[in-house]
Every structure is written in C-alpha cells, then in structure tokens.
Amino acid sequence: MFWSLSPFGESKVGIPYGIGRGVNSYVVFVACFLSNLLVFPIMMFFLENINRHLVKWRPYKKSALFVARRAKTGTADKVQKYGFFGLVLFVMIPLPGTGVYAGSIASYLLKIEKKQAFLANALGIFLSSLIIYGVTVLSVK
C-alpha cells in the first residue's frame with residue numbers, strides 16, 4: 001500500500017511487490033488500487049491549499065516549475081486532442097513519469113473540472129493496475 005501511495009512507484013511497484021511477498025493477489029490489487037486512488041484528493045488538496053504558500057520558497061518554486069512543465073507537456077496535447085480519454089490514457093500508461101501524480105498536476109494546471117479529472121484519473125489507475133496485475137500474475141506462474 002505504501003508503494004502505491006508513493007510517487008516513486010504507485011501501484012506499478014506496489015502490485016508486483018505485494019504479490020512477490022506472497023500476499024493474496026486479489027487483496028494486493030484492491031489495496032494498491034485504493035491507495036493509489038487516494039493520491040488524487042491528497043494532491044488536489046496540496047495543489048489548491050499548500051502549494052501557493054510553498055511557491056514563495058525559491059528551491060520549491062524551481063522544482064515545482066520543473067514538475068509542472070513535465071506534467072503539462074506530457075499531457076496537454078493528449079488532453080486537448082482526446083479530452084477525457086487523453087487523460088485516462090496518460091494516467092494508464094505504466095511508465096515512469098505517468099500516473100496519478102502527473103495526472104493530478106496536469107488536471108490542476110489544465111483546469112479540468114474536479115469530478116471529471118477524478119474519474120479520468122480513477123479509470124487510468126484502474127486500467128494501469130489491471131495491466132500490472134496481469135503481467136505480474138502471468139510472470140509469477
């Protein structure tokens with residue numbers, strides 16, 4: 001669950017880790033999916049309430065701008081071209097630099113309505129988790 005909350009792995013690491021440790025694969029899937037899903041509201045709270053205070057601190061601002069540019073350039077064209085499904089696709093791709101953290105930041109920067117952004121991120125997380133789950137279960141057998 002902690003890997004799934006972490007920006008360094010999300011469920012892309014949590015699912016293989018849990019299954020590799022011998023935990024029931026269904027429990028791992030559900031726990032990792034739900035903990036990864038928690039990232040969206042946490043990120044939205046952070047971006048809307050805490051981020052504006054931290055931006056005044058130069059080292060944070062420099063890092064935040066770097067992350068924001070990466071999130072926006074990775075998603076802006078896809079979201080503008082494909083809309084809701086562009087964001088789903090971006091969050092779904094199980095590669096480094098994609099996922100709910102980048103999807104949440106992109107949703108915030110592109111000013112996507114929260115309910116729509118949550119649904120897109122949730123669907124992307126679910127599909128990504130299914131891909132990782134399938135690959136992990138098939139490779140363990």
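I take contact to mean heavy atoms within 4.5 Å. I am working on a predicted model.

**Entry 1: Leucine 87**

I looked up what Leucine 87 touches, leaving out residues up to four places away in sequence. My list reads Val79, Gly103, Ser107, Ile112, Ala117, Ala120 and Asn121.

**Entry 2: the cores**

Next I asked which residues have the most contacts inside the largest nonpolar core. They are Met43, Leu87, Val100 and Ile125. This core has 20 residues. Helix 4 gives the most, with five residues.

**Entry 3: helix 2 and helix 8**

I turned to helix 2, residues 10–20. How do the axes of helix 2 and helix 8 cross? They cross at roughly 30° and come within 9 Å. Angles under 35 degrees count as roughly parallel, so I call helix 2 roughly parallel to helix 8. I also noted that the crossing is right-handed.

Which residues make the contact? From helix 2 I wrote down Ser11, Lys12, Ile15, Pro16 and Ile19. From helix 8 I wrote down Ser128, Ser129, Ile132, Tyr133, Thr136, Val137 and Val140. I sorted this contact by class: seven residues are nonpolar, four are polar and one is charged.

Terms used:
Residues numbered from 1 in each chain as written. Predicted model: local features only at pLDDT ≥ 70, side-chain atom pairs only at ≥ 80, totals over all residues. Heavy atoms only, no water. Core = buried A, V, L, I, M, F, W, Y, C linked by side-chain atoms within 4.5 Å. Buried < 20%, exposed > 50% of the residue type's maximum accessible area, 1.4 Å probe, protein only. Helix = DSSP H or I, 4+ residues; strand = E, 2+ residues; numbered from the N terminus. Axes fitted to C-alpha atoms, helices over the stretch in contact; angles between N-to-C directions. Parallel < 35°, antiparallel > 145°, perpendicular 65-115°, else oblique. Left-handed = near helix turned anticlockwise from the far one by under 90°. Nonpolar A, V, L, I, M, F, W, Y, C, P; charged D, E, K, R; others polar.
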